[in-house]
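Please look over the predicted model below before reading on. The paragraphs that follow lead through its strands, its nonpolar cores and its charged pairs.

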Amino acid sequence: MLIATFNVENMFNRTKAMNGATWAEGKPALEAHQALNTLFEKAVYSSADKTRMLALLKASGLLKSDEGPLMRLRKIRGQLIKRPRTGEPEIIASGRTSWIGWVELKTEPVNEVATQNTARVIATLNADVLGVMEAEDRTTLRLFNEQVLGETSVEHLLFNAYHHVMLVDGNDDRGIDVGLLTRRDYPVLSIRSHVHDADAQGLIFSRDCAEYQLGLPSGKRLWVLLNHFKSKGYGEQAANNAKRKRQAARVREIYDAHLAEGDDWLVMMGDLNEVPGNAPLNPLLREGSSLRDVASHPKYDNGGRPGTHGNCTASGKFDYILLSPGLFDKVKAAGVERRGMWGGTNGTLWPHFKEVTRAEEAASDHAAVWVELDI
């Protein structure tokens with residue numbers, strides 16, 4: 001049985017702010033989007049709040065129009081901002097109850113070659129169970145599976161589409177969710193979503209910790225926990241680290257609950273946006289956790305580079321497959337699939353596909369991680 005995880009960076013449509021050659025290009029827009037929507041939720045807007053809103057709207061190209069290059073201002077009821085013909089714009093809403101609206105990030109089609117190369121990477125993996133990050137929604141994932149993946153050939157072999165495709169919309173309004181594709185012999189028996197999990201600081205998961213119980217040909221059951229932790233790309237890093245640690249701690253609770261119920265075959269995988277040695281991953285990799293990173297297995301082949309993102313150096317080790325002890329002992333082989341990815345300005349372009357000559361044509365800037373289990 002082969003299991004893989006892959007951050008596909010959207011299949012057909014991607015947020016424009018996330019579609020540049022580097023994170024730095026869209027970082028200001030992503031930060032402004034988050035900051036504005038947070039400010040909009042305040043019950044009362046202070047003078048400082050209004051000043052900050054105006055500055056963020058100006059920086060986003062929304063001061064004189066509801067349409068900016070990367071964002072748009074949606075207004076359903078009431079009015080947020082007054083834009084006189086003469087004079088300066090001003091925030092006239094007094095608080096959340098005086099208007100209904102938000103700012104949303106604009107999207108644009110993903111480069112067609114990139115979509116095709118994403119399919120080629122997945123076909124190359126040929127996994128029985130595939131977890132994907134940054135898929136738009138279940139309809140998109142299903143259509144990608146049927147219309148693109150189902151017609152993809154690798155080394156003259158036609159790839160067959162997956163039989164089971166599932167995605168539960170998560171908490172991220174940019175359309176970057178976690179989804180699962182499985183072969184006929186690995187049906188989805190049950191699903192648990194954790195989009196509403198919260199603690200004293202609020203919602204825990206940026207997307208979701210989606211749990212899938214799969215049936216196996218042997219009659220056994222396998223639990224798969226899919227995750228995409230808080231990004232390192234924008235926002236205040238101390239807050240981002242704290243968010244990822246909260247997410248890791250909650251996943252650990254979910255994992256431990258399964259062990260207590262007698263479930264011994266569990267996989268936790270996804271893009272955790274953190275390197276193994278840092279504190280945010282302590283609940284999963286240390287602190288008495290029995291989860292084992294497949295990258296630590298002697299049969300794991302990293303292809304000469306420890307990372308899975310960008311240049312694939314140690315500082316880019318973001319993508320994981322963590323196994324319960326019962327599965328870790330059954331590893332036959334494991335590794336990283338980097339063909340089709342873009343390695344960044346100072347990285348390596350892995351020329352598996354001739355079409356990949358620039359960043360926007362790459363399948364992703366993440367590599368896929370895979371493991372073969374003897375079960």
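Strand β13 (residues 188-192) is joined by four bridges to β16, and the two run antiparallel; strands here are DSSP runs of E with at least two residues, helices are runs of H or I with at least four, and both are numbered from the N terminus. Two strands are said to pair if DSSP finds at least two bridges between them. Within this pairing, R192 stands opposite E211 of β16. This is a predicted model, in which local features need pLDDT of at least 70 and side-chain atom pairs count only at pLDDT 80 or more, while totals for chains, interfaces and linings use all residues. Residues are numbered from 1 along each chain as its sequence is written, and side-chain values use heavy atoms, with hydrogens and water left out.

Strand β16 also pairs with strand β17 (residues 221-228), in the antiparallel sense and over seven bridges, and there A210 has L226 of β17 as its bridge partner. The hairpin of β16 and β17 has five residues between the strands, and in this hairpin G219 takes a positive phi near 95°.

How many residues of strand β16 are buried? Seven of the seven residues of β16 (residues 209-215) are buried, so the strand is largely enclosed by the rest of the structure; buried means under 20% relative accessible area, exposed means over 50%, and partly exposed lies in between (1.4 Å probe, protein chains only). From β16, C209, E211, Q213 and G215 point one way, whereas A210, Y212 and L214 point the other way, and all are buried.

The largest nonpolar core has 32 residues, and those with the most contacts inside it are I3, L222, L323 and V371. A nonpolar core is a set of buried Ala, Val, Leu, Ile, Met, Phe, Trp, Tyr and Cys residues joined through side-chain atoms within 4.5 Å. A second, separate core has 25 residues, including A4, A119, L141 and L149. In soluble globular proteins, nonpolar side chains tend to be buried together. When residues up to four places away in sequence are not counted, L222 touches, among others, Y212, Q213 and L214, as well as I3, W265 and L327, where contact means heavy atoms within 4.5 Å.

Turning to charged side chains, the structure holds 20 salt bridges, each a side-chain nitrogen of Lys or Arg within 4 Å of a carboxyl oxygen of Asp or Glu. The side chains of E372 and K332 meet in one of these, at 3.6 Å from N to O. Because E372 lies in strand β23 and K332 in strand β22, the pair ties together parts that are 40 residues apart in sequence. E372 is partly exposed at a relative accessible area of 27%, and K332 is partly exposed at 43%.

In the salt bridge between R339 and E337, the closest N and O atoms are 2.7 Å apart; here R339 is partly exposed, with a relative accessible area of 34%, whereas E337 counts as buried at 10%. E67 and R72 also form a salt bridge through their side chains (3.2 Å, N to O), and both belong to a salt-bridge network that links E67, R72, R74, E104 and K106.

Finally, E361 is found in the loop between β22 (331-337) and β23 (368-373).
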